[in-house]
Amino acid sequence: MTNLLAAGRAVRSAAPHALFDAMRAALAEYYEAVDVDLLMADYSLTCLQPVTALPHTGQPLPVESSPEGRAFGSQEPFGQYVAQDGSVDLHLPVTVRGDRLGILTVRLPKHRCTPDTVEELTELAEVLGHEIVVAERDTDVYMQARRASRLTLASEMQWQLLPARACTRPEYAIGAQLEPAYDIHGDNFDWSSTAENLTLSVTNGMGDGIQASLLTNLAVNALRNARRAGIGIADQAALADQAIYAQYRGEAYVSTLLLSFELATGRGQVVDAGSPQLWRQRDKVVEHVDFEAQLPLGMFDETAYVAQDFQALPGDRMIFVSDGVYSALSGAGEAYGERALARAIQSVGLLPAAAVPRALLQELASYRDADAQDDALVLCLDWFGRTAPSSHQAD
């Protein structure tokens with residue numbers, strides 16, 4: 001435990017760009033680490049990029065077929081012996097509240113690879129993740145390391161707008177992904193929680209390129225501004241609608257699905273203002289959930305929005321998709337949302353929420369007849385609900 005505290009202190013006191021160097025030095029000093037590598041998940045979640053000489057990185061490792069990828073996918077430490085000297089490589093998830101950032105690989109002498117050491121190094125990998133999230137306010141090192149190729153400017157703007165790619169709390173787990181990861185335009189997602197509520201939005205700004213990204217940026221920030229004023233989602237939609245209309249006068253608009261959930265009860269409200277859709281898996285049955293359709297944000301001046309009631313039950317899995325997913329066509333001309341999407345949701349039923357979007361987007365890529373002509377967004381929300389305290393706890 002003394003080593004854990006000392007190593008954690010060394011990382012927390014390091015300069016933002018030097019977190020990995022501090023971690024490597026601390027692990028060598030306190031745990032006799034022979035070698036240490038930090039791998040960051042790229043934007044498409046298909047490979048792990050070494051944090052080496054930036055702005056370029058070393059040879060990436062595939063998520064699907066590497067020991068490091070196994071630890072990334074399972075979110076459990078994974079060890080393997082290094083044949084030449086009997087050392088052990090430990091691959092440790094670098095994850096922050098469910099958001100999978102990458103893998104920390106630590107090579108240890110065999111005699112140091114004890115259960116206590118594995119537990120401490122697993123905790124240090126989590127510490128490193130938290131410090132990376134904070135450090136990204138002040139350095140580009142970790143964002144550069146995530147890039148398997150160059151991002152378009154529109155894509156850069158969209159990724160900077162996101163809250164994360166995953167989040168877990170006792171009441172729910174969220175995972176989300178955008179494609180094409182390095183060339184997205186107008187699709188976006190956002191969420192925020194308090195002690196009692198979760199607010200979630202899926203947005204799709206019309207058009208492409210920079211214009212779509214600028215439009216979506218305005219919409220998301222208008223929704224955030226209204227949300228942070230403490231008002232309900234119907235008024236959030238109305239204020240965002242006014243902001244977009246004032247800028248574009250109806251020539252551009254944003255399709256939005258906006259939801260708010262009470263964490264204690266699962267009771268929610270929904271404003272369906274456009275094309276994003278919801279599929280729900282409940283008791284192994286997958287179905288498209290229809291809401292009362294309302295006008296997209298910014299289409300007309302001073303549109304009034306009404307929130308519709310909605311109920312989430314423990315065990316529900318909710319899959320939110322943009323039109324780039326459910327409207328994608330197969331070679332036979334059948335839209336993905338007609339039958340294939342429901343089958344795909346069934347097939348990934350055992351995966352955690354954070355892994356579901358990537359899996360569905362991979363299946364979509366094999367389904368459609370041609371390369372994507374539109375952004376594709378998938379967001380998975382697993383609803384666990386809140387366990388009520390037993391009566392004797394209140395006594």
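Mentor: The account below goes from one residue to the chain around that residue. The model is predicted: local features need pLDDT of at least 70, side-chain atom pairs count only at pLDDT 80 or more, and totals for chains, interfaces and linings use all residues. Residues are numbered from 1 along each chain as its sequence is written, and side-chain values use heavy atoms, with hydrogens and water left out.

Let us take Thr216, which lies in helix 7 (residues 209-227); helices (H or I, at least four residues) and strands (E, at least two) are DSSP runs, numbered from the N terminus. Thr216 has a relative accessible area of 0% and is therefore buried, a word that stands for under 20% relative accessible area with a 1.4 Å probe, protein chains only. Leaving aside residues up to four places away in sequence, Thr216 touches Gln158, Leu161, Gly186, Asn188, Thr203 and Gly205, where a contact means heavy atoms within 4.5 Å.

Around this residue, the protein chain holds 11 helices and 17 strands. Of its 395 residues, 54% are buried. Among contacts between residues at least 6 apart in sequence, 67% join residues at least 24 apart.

As for confidence, the protein chain averages a pLDDT of 93, and 95% of the residues score at least 70; pLDDT is the predictor's confidence in each residue, from 0 to 100. Where pLDDT is low, predicted coordinates should not be read in detail.

Note on methods: Buried < 20%, exposed > 50% of the residue type's maximum accessible area, 1.4 Å probe, protein only.
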